[in-house]
Amino acid sequence: MSPNTNRAPSAEPIPGVRHRLFEESSVRRRIDVVIPGGVVAEAMQEELKRIRRSARVPGFRRGRVPINRIAHSFGEQAAKAVANRLLRRASRLILQETDLEPIAPPEVRVPQLPRPFARADLKAELRFEVHPEIGTLDLSGIELTPRRTEVTEEHIQDTLDQVRRGAAEPGPLRPSGVRDHDVVVGDLEEIEVSDAQARPPPGAPARKTEDVPIRVGSGDYHPALHEALQGARAGDTVVTTVRFGRHSPDADRAGRTLRAMFTIKDGRSPVLPPADDALARKVGADSLLALRGDIRDRLRERAEQEDQDAMHREMMDAVRERNPVEVPEALIEQEMRRQVRTAEQQLAAEEMSEADRQRVMEQSVRENLPAIRKRAEQSLADALLLDAAAREHAIEAPMDIVDGRIAKLAEDNGKTLPAMRATLQKHGGLAQLEEHERRRAAAAFLLGQVGRKDAEPEGALPDGP
């Protein structure tokens, strides 16, 4: 994200080069370049001579082909080589002279290539993007509403119940029938149906799978079947229609509508242990009172982080609205590719063939492209604004936090601290880590600068212990 400060070596000057700079937007630049015809003609002659030294032309010895014949046979090749070489040199000189740093190499447009033995000027357009210049951020009128999520006894009890379920032992099914968290084993029979038919077509082939285990409520197979299993007992057969989306990770069933029949052969209901000191010791606490205290502390820590994250999102939305920034297209494309790579890595964990994985990924990208682009633009705009705030206020990455992150990475990867630091340095990870923490520090600074409304307590915690 930061502008590249590494300059290319100075190119050899080209006599008589003229250029004119146009600012097409806050980030888009166009430079019209004119290289004198005399320079172009001389370069063309040199290129044709170079080609003649190795060219094979029937009826002539190598190196003895008349230059006119070389021009006739290899003129276009020579013209492209000359234009590329001269414009590369010219662009390096012009960018150094104008103190511009393109995000990506300039796009070069040449209306007409040089012609052999002509002395016409070589004209071209250089188009590229630069990072936007962002001055002092306007924070006026921004007021945030802090969230303060309260941790209640109900939240603590819900989490304690999750601890109990985690320590549960399997027992017989409840007399009242199957409920969420039960595990049932049975035979699954599936018949293809169409959306236009209420019943399977006569003679439709059935697919049968025996001894299928399902943890009810976990999302295994399909939510419709989990719903149908509620209250069923051993020996019952539940029937439901299940529709799998085109992007279902279950590649074998993706895009299909099936009539599913599940016959329960056996099942187990979890037997929850009582909430007492024995349970607390089983999960590493000294007593039930200590366990409840630990749960309260974890919930408070999580709630505070969620509240802080919500304030950060609200602040960046407001800062972005008050300080519109044009994001270079080159950066948007890079970020979109990064998001797609991340999605591909997540999809790689799913059990499906490579062809199915590629099909699902391509379809998902096509359908979600506008959302992917919007996320990329917003995240990049936020990064540009935070970088501007960091530059203006001389905010640096807190090195104690950076060192702590490196130490955690070293522990997770079984490496020594110096080895982990060297690995990050080698692959650019250290600079990325420092950049990330510098932006976090800039966000914390901006949070301290904007106004606050009266906090309104929130009663709900995010899902999960």
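This is a predicted model: local features need pLDDT of at least 70, side-chain atom pairs count only at pLDDT 80 or more; totals for chains, interfaces and linings use all residues.
Residues are numbered from 1 along each chain as its sequence is written, and side-chain values use heavy atoms, with hydrogens and water left out.

The average pLDDT (the predictor's confidence in each residue, from 0 to 100) is 88 for the protein, and 92% of the residues score at least 70. Over residues 2–9, though, the pLDDT is below 50.

## The largest pocket

A pocket here is an open set of points on a 1 Å grid over the protein atoms alone, where a 1.4 Å probe fits, with protein on both sides within 12 Å along at least five of seven lines; lining residues have an atom within 4 Å of a point. The largest one has a volume of about 1200 Å³ (the space filled by probe spheres set on the points, which are joined across faces, edges and corners). It is lined by 34 residues, and the closest to its centre are Ser 379, Ala 383, Leu 386, His 436 and Arg 439.

Which helix gives the most to this lining? That's α11, with 10 residues.

## A tucked-in serine

Ser 25 counts as buried because its relative accessibility is 16% (buried means under 20% relative accessible area, with a 1.4 Å probe and protein chains only). Ser 25 sits in the loop between β1 (18–23) and β2 (28–35) (strands are DSSP runs of E, at least two residues, and helices are runs of H or I, at least four, numbered from the N terminus).

Technical notes. Buried means under 20% relative accessible area, exposed over 50%, partly exposed in between (1.4 Å probe, protein chains only). Contact means heavy atoms within 4.5 Å.
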